[in-house]
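This briefing is meant for a reader who is meeting the structure for the first time. Please look through the sequence and the model before reading on.

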Amino acid sequence: MPTIVTHAAVPLCLGLGLGSRIIPPRLLLAGVAIAMLPDADVLAFKLGVAYGHVFGHRGFTHSLLFAFVLPTLAMLFHRQFRARAGTVWSFLLVSLLSHCLLDSFTTGGKGVGWFWPWRDERFFAPWQLIRVAPFKLEAYLTTRGEAVILSERRCFPNRCGLNGTN
């Protein structure tokens, strides 16, 4: 998986680029949260769920079904986001789909369960450009963690001014 920062960058860039009149701060925050949400499935490891299981990492929370249902439910609360229902749905859908797409660009793991519940097969994008990130936070302080961060930097240079060089 890419790092949690990379998953948050997509809705941040999109929301900040569109401006607060289109993507209000509450919706922007929801987009960041929903973009990171699929990786909550790593908690399944603590419950003894195997990686390759449908409820394991990159399973149902990375599926197209999950990506369409969650924004549809959130759309019901569009007034709390201070945005139109269609804006809430489309922004959260793109935010959530970006997570799954980025994960499919990684060099490791078992792929993404895009088509669950219709197919159990997992998929990678044709190009694996991003080194798979470690699960443990302390692993980022190692050579492997540094390599992951550098691979993301090479894939997404100068986007949204997040690297501080603008």
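In which loop does Arg 58 lie? In this predicted model, Arg 58 is located in the loop between helix 3 (43-46) and helix 4 (64-75). The points below begin with backbone geometry and then turn to the nonpolar core.

**Positive phi angles**
- Most residues other than glycine have a negative phi.
- Arg 58, although it is not a glycine, has a positive phi of about 65°, and this residue is buried because its relative accessible area is 0%, where buried means under 20%.
- Arg 82, found in the loop between helix 4 and helix 5, is also a residue other than glycine with a positive phi, near 60°.
- Arg 82 counts as exposed because its relative accessibility is 59%, where exposed means over 50%.

**A cis peptide bond**
- Most peptide bonds are trans.
- The bond from Trp 116 to Pro 117, however, is cis, with omega near 10°, and Pro 117 belongs to the loop between helix 5 (85-104) and helix 6 (143-155).

**The largest nonpolar core**
- The largest nonpolar core has 15 residues, and those with the most contacts inside it are Leu 27, Phe 81, Val 88, Phe 91 and Leu 92.
- At least two residues of this core are supplied by each of helix 2 (25-36), helix 4 and helix 5, with helix 5 giving the largest share, 5 residues.
- Leu 92, when its neighbours within four places in sequence are left aside, is in contact with Leu 27, Ala 30, Gly 31, Ile 34, Pro 71 and Ala 74.

Notes
Residues numbered from 1 in each chain as written. Predicted model: local features only at pLDDT ≥ 70, side-chain atom pairs only at ≥ 80, totals over all residues. Heavy atoms only, no water. Helix = DSSP H or I, 4+ residues; strand = E, 2+ residues; numbered from the N terminus. Buried < 20%, exposed > 50% of the residue type's maximum accessible area, 1.4 Å probe, protein only. Core = buried A, V, L, I, M, F, W, Y, C linked by side-chain atoms within 4.5 Å. Contact = heavy atoms within 4.5 Å.
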